[in-house]
Amino acid sequence: MIEVHDLLKVYGKKTVVNHTTWTAQDGAITGFIGHNGAGKTTTLKMITGILKPDGGTVLLNGTDIQKSPLKAKRQFGFVSDSPDHFLRLKGIEYVNFMADMYGTPTEGRKEFVEEYANRLGIFDALNSTILSYSHGMRQKIMILGALIHRPSIWILDEPMLGLDPLAAYELKLMMKEHAEKGNSVLFSTHVLEVAEKLCDEILIIKKGDLQYQGTVEGLQANYPPDMSLEDIFIDINRDDGHE
Ligand SMILES: Nc1ncnc2c1ncn2[C@@H]1O[C@H](COP(=O)(O)OP(=O)(O)OP(=O)(O)O)[C@@H](O)[C@H]1O
Ligand SMILES: [Mg+2]
């Protein structure tokens with residue numbers, strides 16, 4: 001479970017995350033949606049301890065990311081929005097590096113890598129350097145590296161971006177399976193059809209302000225019948241445009 005309370009980030013005079021409070025429940029997929037520059041990545045970076053908040057708290061399975069960063073960091077796997085890291089390593093070297101860093105036991109590791117690499121369609125490239133990978137292949141290896149220590153919480157920043165349809169399908173399935181086992185999955189996306197179909201709950205953020213947390217159905221109940229999530233999202237953002 002992720003509990004965010006009164007989270008604040010300010011750059012100069014600009015408040016980019018404005019005192020948001022929300023929860024990503026266990027056993028659920030939570031979708032984080034908002035226009036470009038709304039504050040999604042900034043929020044995810046504060047949750048994962050990459051950025052220091054200017055106010056508020058984040059608990060990961062009850063552990064405060066600022067007070068006990070090491071314990072809190074063991075709770076989650078994070079797939080960032082830019083997969084261009086560790087380019088000199090081979091795919092398999094990167095995954096093993098991540099596993100070692102988290103002290104993941106070696107038994108069962110090979111099976112996990114085989115299963116997930118096959119499902120994502122990256123198995124055959126594990127022995128090539130990440131530098132030689134396409135964007136989507138880099139994305140896949142980052143996903144594998146983030147999940148290798150079997151974290152209970154998955155946090156993914158636009159994970160489907162650049163994935164081919166087969167891999168995107170498998171990733172969505174993996175997210176569902178993980179949530180169904182009682183874990184929490186939080187991901188940001190601009191693909192509202194995906195959010196509508198996949199998410200148990202959605203968070204809508206606009207210019208740093210949280211506009212909504214709840215089910216898609218709950219949101220739709222406030223609007224005329226048959227409005228899709230896309231229609232509602234456009235309506236929420238229509239009045240004053242976005243950046
Ligand atoms: N280091 C920084 N210095 C100043 N402003 C920043 C910095 N990082 C982010 N911002 C600003 O914070 C706001 C939120 O950015 P953020 O990356 O969180 O948006 P986002 O919702 O992830 O957008 P996108 O959908 O485009 O990924 C933007 O206005 C951005 O310009
Ligand atoms: Mg972003």
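This report describes the sheets, the helix packing and the ligand surroundings of a predicted model.

In this predicted model, local features need pLDDT of at least 70 and side-chain atom pairs count only at pLDDT 80 or more, while totals for chains, interfaces and linings use all residues. Residues are numbered from 1 along each chain as its sequence is written, and chains are lettered from A and ligands numbered from 1 in the order in which they are written. Helices (H or I, at least four residues) and strands (E, at least two) are DSSP runs, numbered from the N terminus.

**The two sheets**

Two strands are taken to pair if DSSP finds at least two bridges between them. Strands of a sheet pair through backbone hydrogen bonds, either parallel or antiparallel.

One open sheet has four strands in the order 2-1-4-5, with antiparallel pairing. Its edge strands, each pairing on one side only, are strand 2 (14–24) and strand 5 (63–64). Strand 1 and strand 2 run antiparallel and are joined by seven bridges; in strand 2, alanine 24 is the bridge partner of isoleucine 2. These two strands form a hairpin with two residues between them, and glycine 12 in the turn has a positive phi of about 60°. Strand 4 (residues 55–60) is joined to strand 5 by two bridges, again antiparallel, and leucine 59 has aspartate 64 in strand 5 as its bridge partner. Helix 1 lies across strand 1 (2–11), strand 2 and strand 4, at about 120° to strand 1.

The other open sheet has six strands in the order 6-7-8-3-9-10, with mixed pairing. Strand 6 (76–79) and strand 10 (209–214) are its edge strands, each pairing on one side only, and the twist averages 15° from one strand to the next. Strand 3 (residues 28–33) and strand 8 (residues 184–188) run parallel, joined by five bridges; serine 184 in strand 8 is the bridge partner of alanine 28. Helix 6 (residues 165–180) lies across strand 3, strand 7 (153–157) and strand 8, running at about 130° to strand 3.

**Helix packing**

Axes are lines fitted to C-alpha atoms, for helices over the stretch in contact, and angles run from 0 to 180 degrees between N-to-C directions. Two residues are in contact if their C-beta atoms, placed from the backbone, lie within 7 Å.

| Helix pair | Angle | Axis distance |
|---|---|---|
| Helix 4 (residues 109–120) and helix 5 (residues 135–147) | about 150° | 10 Å |
| Helix 3 (residues 91–101) and helix 5 | about 25° | 8 Å |

The angle makes helix 4 roughly antiparallel (over 145 degrees) to helix 5. Val113, Tyr116, Ala117 and Leu120 in helix 4 meet Lys140, Ile143, Leu144 and Leu147 in helix 5. The residues of this contact divide into seven nonpolar, no polar and one charged. Here Ala, Val, Leu, Ile, Met, Phe, Trp, Tyr, Cys and Pro count as nonpolar, Asp, Glu, Lys and Arg as charged, and the others, Gly among them, as polar.

Helix 3 and helix 5 are roughly parallel (under 35 degrees) to each other. Gly91, Tyr94, Val95 and Met98 of helix 3 make the contact with Ile141, Leu144 and Gly145 of helix 5. By class, this contact has five nonpolar, two polar and no charged residues.

**Surroundings of ligand 1**

Eleven residues surround ligand 1, the closest being Val16, Asn36, Lys40, Thr41 and Thr42; a residue is near a molecule if its C-beta atom, placed from the backbone, lies within 6 Å of it. Helix 1 (residues 40–47) supplies the largest share of this shell, three residues. By class, the shell has three nonpolar, six polar and two charged residues.

How values were computed
Parallel < 35°, antiparallel > 145°, perpendicular 65-115°, else oblique.
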